[in-house]
Amino acid sequence: MATTFNSDGPVLFFLFVLSLFGVRYLPLRDLVHLSGFQRQKSELNGPFSVTQAILSYSQYEQLSQRELKRMRASYSKLGRAHKRTGYDLGYTKKLNRLEEVTASNAEVTRAIVGLAKTELGLEVDGEGWIGEGQSPRGDLGKVRETLRHFVRDWSDEGRPEREEIFAPILEVLKHASSPAAMKVLVPGSGLGRLAWEISRLGFDTTANEISSYMNLALRFLLSPTTTTTLDQHLIYPYAHWFSHSRSNDALFRPVSFPDVIPRLTPTFNLLERDFITLLPPLRSEGEVGYDYIVTMFFIDTSLNAIATIEQIYTLLRPGGTWVNLGPLLWSPGAQASLELNLEEVIAVAEGVGFVLGPIDASKKKTMTVDCEYTADRQAMMKWIYRAEFWVATKLT
Ligand SMILES: C[S@@+](CC[C@H](N)C(=O)[O-])C[C@H]1O[C@@H](n2cnc3c(N)ncnc32)[C@H](O)[C@@H]1O
């Protein structure tokens, strides 16, 4: 999932200079320019680019309707008796219900697009209606994934999932002696809830995310134009997947969000760019680097895990701490140059200079945490990650 862009010395230096002057947050439009997203067509049109995300959000309803049309066509191929049984079971009503809830989800995706276009001043080619026979350029899967992330990060329904994974991470941070003086970076922050929780502990926290699907969705929550009250938005995140479903009530249950209203603050920043290109922040008294880097379900999205671990090391100040939790699920299709096992990842971390553990009285270097990822808690299926958690120190 990670994308590595070529670094651009002068641009990065300029960003670094801005950071010296205390510029903590730049509008996306400026970052798009400054970080060089507009310099290369491939970057502008890449799978996680702003234009691709806007295109996908704006085509969400139409792409869903195309899928629904195929489902109706499959049903209509049934023999008369079975079609009658399906009808008596309410299957046609179920498909109609899917159409209705898709329209409801589309209110959110349209609002995301509206805000993004206002903030960016961007027109996206091909955003509108897809003609018959034309192949869609929007990515329905990524939009649906983001809807599930609203649940994971910002709904009451997602609370148990969050508690499982946030607890060990926040426990480490709660032991820091003076959070207000400490800088924390959360790379691959997704929809940002963990970073927000860390900022609520008093740390100066920077969420960092490359995917515009995530960033535009988070902006939709951060903006007083689109989100002002608790549980203002309603989505039907499970409706499109009929597998493992116990009932229509479970399938079409709505989830409201947000359970809290996040805003950017002086201690909650967002950096919308590639983690690999980040520079260590300048601290008072000439010191550079973050006190903590927290990676959750992140390092395995790297195309080059060694470069990612080296970058974590570079961005930390001497004595700084890397907190990690994740399952080592490498990107499919041999996208990653290396698909390392846990022992190999630990060897790389120690090789670059990290000291791992001990986690607790057991003196182990790592600890296993059973957890889920955007799970449907009412489904007839449960996928448990046996994620590994560690705390590593950069000694010098
Ligand atoms: C598996 S998701 C996890 C998201 C979040 N940490 C969570 O647990 O919900 C990994 C995230 O890392 C982001 N990501 C991958 N490579 C990145 C990079 N080089 N820079 C910044 N973010 C990146 C992806 O876009 C994705 O949102």
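I started with Asp231, which counts as partly exposed because it has 13 C-beta neighbours inside 10 Å. My cut-offs: buried takes 20 or more other C-beta atoms within 10 Å of a residue's own, exposed takes 12 or fewer, partly exposed is in between, and the C-beta atoms are placed from the backbone. This is a predicted model, so I kept local features to pLDDT of at least 70 and side-chain atom pairs to pLDDT 80 or more, while totals for chains, interfaces and linings use all residues. Residue numbers run from 1 along each chain as its sequence is written.

Asp231 is not a glycine, yet I found a positive phi of about 55° there. I placed Asp231 in the loop between helix 10 (212-222) and strand 3 (233-235). Helices here are DSSP runs of H or I with at least four residues, strands are runs of E with at least two, and numbering goes from the N terminus.

Leu328 is another non-glycine with a positive phi of about 55°. I found Leu328 in the loop between strand 7 (316-326) and helix 13 (342-352). Leu328 is partly exposed, because 16 other C-beta atoms lie within 10 Å. I noted these since most residues other than glycine have a negative phi, and most peptide bonds are trans.

Next, the cis peptide bonds. One joins Phe257 and Pro258, with omega about 0°; Pro258 sits in the loop between strand 4 (255-257) and strand 5 (268-271). The bond from Gly357 to Pro358 is also cis, with omega near -5°. I traced Pro358 to the loop between strand 8 (354-356) and strand 9 (366-371).

**Helix packing**

How many residues of helix 10 are buried? I got 11 of 11, so I wrote helix 10 down as mostly covered. Among the buried ones are Tyr213, Asn215, Arg219 and Phe220. The cover includes helix 4 (50-76), helix 6 (91-120), helix 7 (140-154) and strand 5. Contact here means C-beta atoms, placed from the backbone, within 7 Å.

Last, I checked helix 8 (159-174) against helix 9 (193-200): they pack at about 35°, axes 11 Å apart. Axes are lines fitted to C-alpha atoms over the stretch in contact, with angles from 0 to 180 degrees between N-to-C directions. On the helix 8 side I listed Arg162, Phe166, Ile169, Leu170 and Leu173; on the helix 9 side, Arg193, Leu194, Glu197 and Ile198.

Notes:
Contact = placed C-beta atoms within 7 Å.
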